[in-house]
Amino acid sequence: MNPKQTVQLVDPTGAASSSSSPYGVFATSNIAKGEILISVPERLIVSGNIRAGDEFELPCETVDLILKEMEKGDTSFYAPYMRYLQSIPEGELPEAWSDAGRKLLTDLMGGDDSNSLFNGQHWLNKWNGQVCDGINDPEGNRAALLVANRMEDGQMIPYLDFFNHRNGHSTNADSAVNAETDSFMVVAKRNIREGEQIYMSRNMCFDCTHFETNGYGTPELLRDHGFVEDLPQRWNFNLAGKRRVFDLLERRSGELEIEWVRSVPPKKGTEEQVGEHLQFLDEFAQKHSQNTGDVPENEWNIIMKYHNALTQSHNALLKNVRGSNHLQEHEDDMPVLDEHRVYWDRFE
């Protein structure tokens, strides 16, 4: 463990109370590029037999092992880590939300039949028969979702999930493996200043080629990890019958800009399609201007932040398609939410 870092509340004095602020890893002194931040020996990593492809699927044997170690209680070799996992409140991922919250998120995507990303139980279906042999019991379901959210290439690595996600210049650390010892390491990928939060990327990391190829971005991060990422964001839309992937970037001037990723920019004819999407998002905002109390507050806040992100990305896309400065056209009434409360209120 590098002594130049500490785990602390991200927002200990701001709008979010200490009970709802996330933890993060912060540099307590300047850290040089290439310094090892953590090195976790193989014997401390909880992992079943990871076969080729399991790193992108739900690793059944790892879930089974987590269940067995939790049942052992204090006699488990991994007891401290198991206690930490068991202390995490349920409801992190959308598929574990309330029925009302899941329905509202599905409605935001256009209804039950229009988008499969948040329709149904993605990871629980995999655990309960689609990939694994789960029996749809509460303990097994909880373990499956813990692993889905926190696994690294199918493995559960203590301490790793204290490093929060962010892309762009904010990403200042990446993972590596010591070939001689098989230890898992987190290494500074650039110089890190004292006081700076240490971020890793879940979809644009050194060995994330699979995610880049498939356009894994903001929607998938919400489904698999339960948060709406801050800028820069990656989006994957079907426009004019073709799959388009782009990164939404914020320049130093504050202006938003689209950078196309392994795809050709859409033709001008897609302007009408994007405009229809924006109209739908506007109508959704008007219909759901306030929470009537059916949806838990933390779920409501995440859904509203996702609506904000969708609206922002569509406005940038519309500007890109038109080739003119219309970015502000639909932004006046967009909700502005505190990112820490949006992401972490579920831990209250």
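**Sheet S8-S9-S10**

I began with the open sheet, where three strands run in the order S8-S9-S10 with antiparallel pairing. I took strands (E, at least two residues) and helices (H or I, at least four) as DSSP runs numbered from the N terminus, and I let two strands pair if DSSP finds at least two bridges between them. Strand S8 (233-239) and strand S10 (256-260) are the edges; each has a single partner strand, so one side of each is left without a neighbour in the sheet. From one strand to the next the twist averages 35°.

A note on the source: this is a predicted model, in which local features need pLDDT of at least 70 and side-chain atom pairs count only at pLDDT 80 or more, while totals for chains, interfaces and linings use all residues. Residues are numbered from 1 along each chain as its sequence is written, and side-chain values use heavy atoms, with hydrogens and water left out.

Next I looked up the pairing. S8 and strand S9 (residues 242-250) run antiparallel and are joined by seven bridges. Asn 238 stands opposite Arg 243 in S9. Helix H9 (residues 297-322) packs on the sheet and touches S8, S9 and S10, where contact means heavy atoms within 4.5 Å. The direction of H9 makes about 65° with that of S8; axes are lines fitted to C-alpha atoms, for helices over the stretch in contact, and angles run from 0 to 180 degrees between N-to-C directions.

S9 and S10 are antiparallel too, over five bridges, and Asp 247 has Glu 259 in S10 as its bridge partner. Their hairpin has five residues between the strands, and there Gly 254 takes a positive phi near 95°.

**Aromatic pairs**

My search of the whole structure gave 10 aromatic pairs. Rings of Phe, Tyr and Trp (its six-membered ring) pair if their centres lie within 6.5 Å; planes under 30 degrees apart count as stacked, over 60 as edge-to-face, and the rest as tilted.

The rings of Trp 235 and Tyr 306 have centres 6.1 Å apart and planes at 25°, so I logged the pair as stacked. Trp 235 lies in strand S8 and Tyr 306 in helix H9, so the pair ties together parts that are 71 residues apart in sequence. Trp 235 and Tyr 306 are both buried.

For Phe 246 and Trp 260 the centres are 5.4 Å apart and the planes at 70°, so that pair is edge-to-face. Phe 246 is buried at 0% relative accessible area, and Trp 260 counts as buried at 19%.

I also found a cluster that ring pairs build from Tyr 23, Tyr 81, Tyr 84, Tyr 159, Phe 162 and Phe 163.

In helix H7 (residues 218-225), eight of the eight residues are buried, so the helix is largely enclosed by the rest of the structure. Among them are Glu 220, Arg 223 and Asp 224. Just after H7, Gly 226 has a positive phi of about 80°.

Finally I checked Glu 69, in helix H1 (residues 60-72). Glu 69 counts as buried at 6% relative accessibility. What joins the side chains of Glu 69 and Ser 76? I found a polar contact of 2.5 Å between them; such a contact is a pair of N or O atoms within 3.5 Å, where within protein one must be able to donate a hydrogen and the other to accept it, and residues adjacent in sequence count only if both atoms are side-chain atoms. Not counting residues up to four places away in sequence, Glu 69 touches Ser 76, Phe 77, Tyr 78 and Met 82.

Notes: Buried < 20%, exposed > 50% of the residue type's maximum accessible area, 1.4 Å probe, protein only.
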